[in-house]
Amino acid sequence: MIEETVSQKQATENVLVMAERLAFLYYSFAKTLEESLSSDEAKTLTLKAIDMYGRLAAESAAKQLKIQGLETTLENFKFGKDLPSAGWEAAKIQKPDDKPCEKISKITYCPLADSWKKLGDDAKRLGRLYCGVDQAKFKAYGKGYLCFHDKNVLDGDDYCIIRVVSDDSKNNK
């Protein structure tokens with residue numbers, strides 16, 4: 001096997017192509033369910049699949065941490081290889097005083113959301129269901145956590161805010 005080094009730019013482009021294809025695949029499945037079943041049945045099955053996907057992602061992250069000898073804590077989650085290091089863009093954000101949390105992320109660019117927005121309102125609506133993967137993932141990860149989308153670009157916001165709290169927290173709004 002010949003080893004090849006690629007530039008960061010080329011690696012990012014490859015991740016973005018794969019993210020776009022994943023967005024297309026998800027939309028195609030969700031739309032096909034809607035066209036084949038009642039609206040309620042389609043939504044139920046889509047959310048059930050997203051929940052399973054989130055659990056699988058959490059299990060994969062926990063397995064990666066175990067291989068590295070790390071505990072399944074929120075601080076270590078980033079080492080679980082949940083998402084590629086290229087393609088998504090984030091900005092620093094301080095933990096809000098009015099909504100206590102253990103982890104908070106400000107996502108300024110999501111290639112999946114960008115793809116759904118380009119496909120139109122129907123794809124944005126179905127894509128927003130996909131975002132439930134975060135809730136499923138953190139619920140299944142470690143001790144279980146509650147995850148909230150305080151902002152989401154598919155809801156019309158300029159960026160996404162994903163906030164995670166302990167499942168025993170009283171301030172989970």
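Pro111 is buried, with a relative accessibility of 2%. In this predicted model, Pro111 belongs to helix H3, which spans residues 111-119. Leaving out residues up to four places away in sequence, Pro111 touches Leu16, Ala19, Gly87 and Trp88. Its C-alpha atom is 19 Å from that of Ser7, a residue 104 places away in sequence.

The residue Leu112 also lies in H3. Is Leu112 buried or exposed? Its relative accessibility is 5%, under the 20% limit, and Leu112 therefore counts as buried. When neighbours within four places in sequence are set aside, the contacts of Leu112 are Ala19, Leu22, Ala23, Trp88 and Tyr130. Between Leu112 and Gly127, which are 15 residues apart along the chain, the C-alpha separation is 8.0 Å.

For helix H3 as a whole, the buried residues are Pro111, Leu112, Ala113, Ser115 and Trp116. The elements that cover them include H1, strand E2 (103-109) and H4. After the helix comes Gly120, which has a positive phi near 115°.

The packing of H1 on H3 can now be described. Helix H1 covers residues 8-36, and its axis lies 8 Å from that of H3, at an angle of about 55°. With that angle, H1 is oblique to H3. The crossing of H1 past H3 is right-handed. On the H1 side, the residues that meet H3 are Leu16, Ala19, Glu20, Leu22, Ala23, Phe24, Tyr26 and Tyr27. On the H3 side, the partners are Pro111, Leu112, Ser115, Trp116 and Leu119. Sorted by class, this contact between H1 and H3 holds eleven nonpolar residues, one polar residue and one charged residue.

Helix H1 also packs against helix H4, residues 121-130. Here the axes come within 10 Å and cross at roughly 100°. H1 and H4 are therefore roughly perpendicular to each other, as the angle falls between 65 and 115 degrees. H1 contributes Leu22, Tyr26, Tyr27, Ala30, Lys31 and Glu34 to this contact. H4 contributes Asp122, Ala123, Arg125, Leu126, Gly127, Leu129 and Tyr130. By class, the contact of H1 with H4 has eight nonpolar residues, one polar residue and four charged residues. Leu22, Tyr26 and Tyr27 of H1 take part in the contact with H4 and also in the contact with H3.

Just after H5, Gly142 has a positive phi of about 55°.

With a relative accessibility of 70%, Lys143 counts as exposed. Its C-alpha atom is 39 Å from that of Thr5, a residue 138 places away along the chain.

Lys81 is found between H2 and strand E1 (89-91), and its relative accessibility of 60% makes Lys81 exposed. Most residues other than glycine have a negative phi. Against that background, Lys81 has a positive phi, near 55°, although it is not a glycine.

For Cys131, the nearest cysteine sulfur is that of Cys160, 6.2 Å away; Cys131 is in no disulfide because a pair must have its sulfur atoms within 2.5 Å. Cys131 is buried, at 13% relative accessible area. Cys147 is likewise in no disulfide, and the nearest cysteine sulfur, that of Cys131, is 10 Å away. Cys147 counts as buried too, with a relative accessibility of 6%.

Terms used. Residues are numbered from 1 along each chain as its sequence is written. This is a predicted model: local features need pLDDT of at least 70, side-chain atom pairs count only at pLDDT 80 or more; totals for chains, interfaces and linings use all residues. Side-chain values use heavy atoms; hydrogens and water are left out. Axes are lines fitted to C-alpha atoms, for helices over the stretch in contact, and angles run from 0 to 180 degrees between N-to-C directions. Helices (H or I, at least four residues) and strands (E, at least two) are DSSP runs, numbered from the N terminus. Angles under 35 degrees count as roughly parallel, over 145 as roughly antiparallel, 65 to 115 as roughly perpendicular and the rest as oblique. A crossing is left-handed if the near helix is turned anticlockwise from the far one by less than a right angle, and right-handed if clockwise. Contact means heavy atoms within 4.5 Å. Ala, Val, Leu, Ile, Met, Phe, Trp, Tyr, Cys and Pro count as nonpolar, Asp, Glu, Lys and Arg as charged, and the others, Gly among them, as polar. Buried means under 20% relative accessible area, exposed over 50%, partly exposed in between (1.4 Å probe, protein chains only).
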